[in-house]
Amino acid sequence: MNHRETARILVAGSGPAGLIAALGFAEAGFPVTLVGPDAAGPDGRTTALMNPALKMFERLGIFDGIRPHAAPLKVMRIVDATNRLIRSPTVTFRASEINEEQFGLNLPNSVLNRTLAEAVAHSGIEWRKSMVEAWRLDADHAHAVLADGSEVEASLAVAADGRQSPAREAAGIRTSIRSYPQAALVLNFRHRSDHAFTSTEFHTETGPFTQVPLPGNRSSLVWVLEPDIAKDLAALDDAELSTRVEQRMQSMLGRVSVEPGRQIYPLSAVSPWRFAHRRVALVGEAAHVFPPIGAQGLNLGIRDIDDLIGAASRNRSDPGAAKALAAYDFKRRPDILARSSAVNLLNMSLLSDMLPAQMVRSAGLGALEGFAPLRAFFMREGLRPGSGFAAFFGGLRKPAER
Ligand SMILES: Cc1cc2nc3c(=O)[nH]c(=O)nc-3n(C[C@H](O)[C@H](O)[C@H](O)COP(=O)(O)OP(=O)(O)OC[C@H]3O[C@@H](n4cnc5c(N)ncnc54)[C@H](O)[C@@H]3O)c2cc1C
């Protein structure tokens, strides 16, 4: 049956960014239509979400559902495991240094996606489990033609439709794309020793090898390698792969046993030239794709959503109007560009054989390890953009001025 419907906000895409956007806009009082399929299949990855993202989950009423399945991240460590001439010192970030109990939580994507989908199903949000087949963007509305033949009309289209974002393309937003000679091998494993809620990122010549704690003596792993090597490792039997993981970690967590399920993700970077145009606003991977280093991706996506809801709420009668989109673009630009550039530069410095790149990385990490105020600044900025600067300048002011 063909039918037309008008909705103020149309969210395209039902990955984590789309589900969170739909819940967030509904919570802010907007009528929402979500368009996207049910989760495609099992996802064995985990996502580390920092405290500000978790605050958003509390607001949306989904925090209690995920908490029992998640492990707190209290310490984050960077270890230079390269064999290069210039090596960096180990840098350790402790949440307690900035008076936080934890940086955030690491939780299985299966739990995250299920919890979000259930929350949407119980929220009264209209969820069309179809795909947007075509877009028509005019001066007053965004129109989506769905694969099931129906149409949706809205003031604002939220493009949460992933790295290839058809909505972004329909809006004529150009992108810069870079593909890396790297792939991420992803799996979960058990280990003999306690992880003490510490995540360790080993920097290697092919990219980072990152262990992140899960509840109990379990951790998740994102191992960035050359694509062929990732494929060869994924084809090993459990015992051999467990040995390789344990060796790479220098037996830091004792005996390792990998769990069933291995996934491989090719790495690339996508940077749109703008973040909103012609009634379409980009969030999540539609707005930024970069290698999985430092748990930035979805955290940044949640900040996109928060800022977009803010801009829309100040333009309630027409949240997709040019002035609301310009405000959103202006707000997001520094945060997205800073995070994307930092992650891409760090990744390239690992791949580079050039001495100057190694010297800069080593000097940067050395300064972080040796100078506690700089470390605190980066930890605060990592959690909440601007909070490092606020604490730094607050600290410079005399007590009487506070
Ligand atoms: C190995 C790895 C580890 C990571 N670890 C972390 C981490 O620890 N912390 C962190 O913050 N981030 C992490 N990330 C990043 C995080 O996973 C992504 O930022 C996040 O999954 C992006 O979600 P999304 O909803 O934007 O995109 P997607 O999950 O790609 O969802 C896009 C959705 O849009 C739908 N869609 C596409 N086209 C259409 C259409 N025409 N109509 C309707 N729907 C459409 C798709 O079906 C899909 O459901 C990691 C990424 C990787 C690869």
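1. A word on terms to begin with: helices (H or I, at least four residues) and strands (E, at least two) are DSSP runs, numbered from the N terminus. This is a predicted model, in which local features need pLDDT of at least 70, side-chain atom pairs count only at pLDDT 80 or more, and totals for chains, interfaces and linings use all residues. Residues are numbered from 1 along each chain as its sequence is written, and side-chain values use heavy atoms, with hydrogens and water left out.

2. Take the sheet next: 6 strands, in the order β9-β3-β2-β13-β21-β20, form an open sheet with mixed pairing (two strands pair if DSSP finds at least two bridges between them). Because β9 (126–128) and β20 (276–277) each have a single partner strand, they stand at the edges, and one side of each lacks a neighbour in the sheet.

3. Within that sheet, β2 (residues 9–12) runs parallel to β3 (residues 32–35), paired over 4 bridges. L10 sits opposite T33 in β3. Helix α1 (residues 16–27) packs on the sheet and touches β2, β3, β9 and β13 (156–159), contact meaning heavy atoms within 4.5 Å.

4. Finally, which elements each supply at least two residues of the lining of the largest cavity? They are β19 (263–272) and α9 (322–351). Among the lining residues are V270, F275, H288, F290, I336 and S340. By class, the lining has 8 nonpolar, 3 polar and no charged residues (Ala, Val, Leu, Ile, Met, Phe, Trp, Tyr, Cys and Pro count as nonpolar, Asp, Glu, Lys and Arg as charged, and the others, Gly among them, as polar). A cavity here is a set of points on a 1 Å grid over the protein atoms alone where a 1.4 Å probe fits but cannot get out, and lining residues have an atom within 4 Å of a point.

Technical notes: Axes fitted to C-alpha atoms, helices over the stretch in contact; angles between N-to-C directions. 1 Å grid on protein atoms, 1.4 Å probe; cavity = no way out; pocket = protein on both sides within 12 Å on 5 of 7 lines; lining within 4 Å.
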